[in-house]
Amino acid sequence: MKILPANGAEMPALGLGTWQLKDDICIDIVSKALDVGYRHVDTAHMYGNEKEVGQGIRAASVPREDVFLTTKVWPTDIGDGDLQRSAETSLSSLGTDYVDLLLIHWPNKAIPLADSIGALNKVRERGLARNIGVSNFTSTMLEEAASLSPAPLACNQVEYHPYLSQKAVHDMAAKLGMAVIAYCPIYKAGALFDEKAVQEAAVAHGKTAAQIVLRWHMQQDGCGAIPRTSKPERLAENLAVFDFELSDSEMASLTALGANHDRLVNPSGFAPQWDAA
């Protein structure tokens with residue numbers, strides 16, 4: 001498993017996303033993911049499944065200290081005081097004393113960023129989160145957030161896949177020593193998987209289209225991914241991307257797919273829906 005050295009946070013590069021996973025399905029998928037080798041699980045207060053994620057972790061045959069657990073605070077709750085209370089609520093739901101990574105889920109222009117980053121640091125200082133970071137921040141916001149934070153920020157979690165260039169975000173994250181964690185890393189399977197570049201690489205390596213796209217993520221410096229699945233049989237498939245390597249030309253062909261989808265790309269790096277200006 002690739003480990004990302006993200007400003008001191010050693011997070012497994014490939015994790016399990018849990019957005020839209022609910023009830024017993026969520027418990028089952030989290031538990032089975034850990035049992036087949038995952039060590040990074042991502043959730044959020046907004047997902048409404050922190051309780052089930054925690055139950056899934058406890059149901060697995062993996063010690064809590066071996067699981068890198070991430071959750072996120074919704075943008076209405078990122079003010080000083082509110083953020084701390086949200087973190088406490090998340091920990092109670094998860095049934096754990098700490099998370100390995102706590103993120104601001106989206107920026108909120110109605111709340112001063114200095115207040116949000118200050119509150120995030122207070123949670124870390126109390127030991128409720130071992131590492132802190134952000135999600136859906138543009139490159140400019142990322143630089144500002146890092147300048148306001150006494151503690152290093154571990155990552156910026158954003159939508160990222162071959163159809164959506166995040167070069168500005170990647171460049172800024174590298175400058176700041178942060179990782180970029182991709183959600184929706186395989187976009188919409190039907191569209192992306194039919195691309196010639198993906199299909200040819202899949203045939204050449206004897207892998208599925210999903211594995212080719214996830215391998216593209218894994219071969220980028222400072223990049224991780226949290227694919228979501230509700231199908232247990234997909235868990236081992238998504239994890240089996242460390243026994244082959246894409247060539248430079250294959251990597252370039254997948255990266256070039258973004259040039260045909262300019263409508264998805266914002267020159268500043270990312271256009272957050274919550275804080276669109």
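Two strands count as paired if DSSP finds at least two bridges between them, and strands here are DSSP runs (E, at least two residues), as helices are (H or I, at least four residues), each numbered from the N terminus. What you're looking at is a predicted model, where local features need pLDDT of at least 70, side-chain atom pairs count only at pLDDT 80 or more, and totals for chains, interfaces and linings use all residues. Residues are numbered from 1 along each chain as its sequence is written, and side-chain values use heavy atoms, with hydrogens and water left out.

**View 1. Eight strands make up an open, parallel sheet.**
The strand order is β3-β4-β5-β6-β7-β8-β9-β10. At the edges sit β3 and β10 (223-225), each of which pairs on one side only.

**View 2. Strand β6 (residues 101-104) is covered on both faces.**
Leu101 and Leu103 are buried on one side, with Leu102 and Ile104 buried on the other; "buried" is under 20% relative accessible area, "exposed" is over 50%, and "partly exposed" is in between (1.4 Å probe, protein chains only). Strand β5 (residues 68-73) pairs with β6 in parallel over four bridges, and Val73 has Ile104 as its bridge partner in β6. To get from β5 to β6, the chain passes through helix α3 (residues 82-94) in a right-handed β-α-β crossover. Right-handed here says that, with the strands pointing away from the viewer, the path from the first strand over the helix to the second runs clockwise. Strand β7 (residues 132-135) also runs parallel to β6, joined to it by three bridges. Ile104 finds its bridge partner in Val134 of β7. Helix α4 (residues 113-125) belongs with β6 and β7 in another β-α-β unit, and this unit is right-handed.

**View 3. Leu83 belongs to the largest nonpolar core.**
A nonpolar core is a set of buried Ala, Val, Leu, Ile, Met, Phe, Trp, Tyr and Cys residues joined through side-chain atoms within 4.5 Å. Helix α9 supplies the largest share of the core, seven residues. As background, nonpolar side chains tend to be buried together in soluble globular proteins. Zoom in on Leu83 and its contacts (heavy atoms within 4.5 Å) include Val73, Leu102, Ile104 and Leu120, setting aside residues up to four places away in sequence. Asp77 and Ser116 are among the residues that Leu83 touches, too.

**View 4. Asn156 sits in strand β8 (residues 153-159).**
Asn156 counts as buried because its relative accessibility is 0%. Leaving out residues up to four places away in sequence, its contacts include Val134, Ser135, Asn136 and Phe137, along with Met178, Ala179, Val180 and Ile181.

**View 5. Gln166 lies in the loop between β8 and α6 (167-176).**
Gln166 is buried, so look for it inside: its relative accessible area is 1%. The side chain of Gln166 reaches the backbone oxygen of Glu159 at 2.8 Å. Gln166 and Thr138 are 28 residues apart in sequence, yet 9.3 Å apart in space, C-alpha to C-alpha.

**View 6. Strand β9 (residues 179-183) has both faces covered.**
Five of the five residues of β9 are buried: Ala179, Ile181 and Tyr183 on one side, Val180 and Ala182 on the other. β8 runs parallel to β9, and five bridges join them; Gln157 stands opposite Ile181. With α6, these two strands make a right-handed β-α-β unit. β9 also pairs in parallel with β10, over three bridges. Across that pairing, Val180 stands opposite Cys223, and Ala182 stands opposite Ala225.

**View 7. Helix α6 has buried residues, and a glycine follows it.**
Val169, His170, Met172 and Ala173 are the buried residues of α6. Their cover includes α5 (139-148), β8, β9 and β10. Just after the helix, Gly177 takes a positive phi of about 80 degrees.

**View 8. Helix α10 (residues 232-239) packs through its buried residues.**
Leu235, Glu237, Asn238 and Leu239 are buried in α10. The buried residues of α10 pack against β3 (16-17), α1 (23-36) and α9 (209-218).

Methods:
A polar contact is a pair of N or O atoms within 3.5 Å; within protein, one must be able to donate a hydrogen and the other to accept it, and residues adjacent in sequence count only if both atoms are side-chain atoms.
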